[in-house]
Amino acid sequence: MPAVLAYLDAYREPASLDAPRPVSLMPSTVALTAFLSRVPAGVPSLAEDDVDEVVDLNEHLVLPGHEPSTFIIRVSGWSMIGAGIFDGDEVLVDRALAPRQGDIVVAAVNNELTIKRLGKVDGHVALLPENAHFKPIVFREGETLSIWGVVTRCLRTLR
């Protein structure tokens, strides 16, 4: 029998984990100005004064209708640096999305959360780090893996 993937529904928490809080049950609009032009990261150019729209961060960061199932989790550790996720970053995790091979997921392994890429090693389900200094977590016959949610965004403080 292959390893069992237990996809948790959007409202059930693993037994020993603190109950998370959604990003927002009653979204409020945060009025940020978005400019029509893009800013090159290379050669400087003149900035345009054309305002494109006002951005609601809920609409920008969270899938429509997924507000109750979307959470922010702070990352600890360096196993995902190859995916651009660093120690101290915050990731948005959507528990309503069905995880697929190749997705970056938050998973409960022995009631402890970890963030890794969902994949396979030698035909076995595995959680794959994005740092060569870490080993994959491979699930063998009879072992289970609980996918807590799918990572949709990474937030980083630059200052």
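## A charge over the ring of W148

In this predicted model, the charged end of R95 sits over the ring of W148, at 4.2 Å from the ring centre. A charge is taken to sit over a ring if NZ of Lys or CZ of Arg is within 6 Å of the ring centre and within 35 degrees of the ring normal.

This is a predicted model, in which local features need pLDDT of at least 70 and side-chain atom pairs count only at pLDDT 80 or more, while totals for chains, interfaces and linings use all residues. Residues are numbered from 1 along each chain as its sequence is written, and side-chain values use heavy atoms, with hydrogens and water left out.

## Aromatic pairs

A pair of aromatic rings is described by the distance of the centres and the angle of the planes. Rings of Phe, Tyr and Trp (its six-membered ring) pair if their centres lie within 6.5 Å; planes under 30 degrees apart count as stacked, over 60 as edge-to-face and the rest as tilted. The structure holds two aromatic pairs. In one of them, the ring centres of F71 and W148 are 5.6 Å apart and the planes stand at 55 degrees, so this pair is tilted. The pair links distant parts of the chain, with F71 in strand β4 (residues 70–74) and W148 in strand β10 (residues 144–155), 77 residues apart. F71 and W148 are both buried; buried means under 20% relative accessible area, exposed over 50%, and partly exposed in between, with a 1.4 Å probe and protein chains only.

W78 and F86 form an edge-to-face pair, with 6.3 Å from centre to centre and 65 degrees between the planes. W78 is partly exposed, at a relative accessible area of 45%, and F86 is likewise partly exposed, at 30%.

## Chain layout

The chain has one helix and 10 strands, and its elements run β-β-β-α-β-β-β-β-β-β-β from the N terminus on. Helices (H or I, at least four residues) and strands (E, at least two) are DSSP runs, numbered from the N terminus. Of the 159 residues of the chain, 33% count as buried. Among contacts between residues at least 6 apart in sequence, 58% join residues at least 24 apart, where contact means heavy atoms within 4.5 Å.

S79 lies in the loop between β4 and β5 (90–94) and is buried, with a relative accessible area of 9%. Its side chain makes a polar contact with the side chain of K116 at 3.0 Å. A polar contact is a pair of N or O atoms within 3.5 Å; within protein, one must be able to donate a hydrogen and the other to accept it, and residues adjacent in sequence count only if both atoms are side-chain atoms. Leaving aside neighbours within four places in sequence, S79 is in contact with I115, K116, P129, E130, N131 and F134.

A83 is also placed in the loop between β4 and β5 and is partly exposed, with a relative accessible area of 29%. Residues up to four places away in sequence not being counted, A83 touches I104, R117 and E130. E130 belongs to the loop between β8 (124–128) and β9 (137–138) and is partly exposed, at 25% relative accessibility. The side chains of E130 and R117 make a polar contact at 2.6 Å, and the C-alpha atoms of these residues, 13 residues apart along the chain, are separated by 7.6 Å. Not counting residues up to four places away in sequence, the residues touched by E130 are S79, M80, I81, G82, A83 and R117.

## The largest pocket

The largest pocket has a volume of about 180 Å³. Its lining consists of 13 residues, of which V75, S76, L113, T114 and I115 lie nearest its centre. β4 and β7 (112–121) each supply at least two residues of this lining, and β7 gives the most, with four residues. On a 1 Å grid over the protein atoms alone, a pocket is an open set of points where a 1.4 Å probe fits, with protein on both sides within 12 Å along at least five of seven lines; lining residues have an atom within 4 Å of a point. Grid points are joined across faces, edges and corners, and a volume is the space filled by probe spheres set on the points.

## Positive phi angles

N110, which is not a glycine, has a positive phi of about 55 degrees. N110 is found in the loop between β6 (104–109) and β7 and counts as exposed, at 73% relative accessibility. D122 has a positive phi near 50 degrees, again in a residue other than glycine. D122 is situated in the loop between β7 and β8 and is exposed, with a relative accessible area of 71%.
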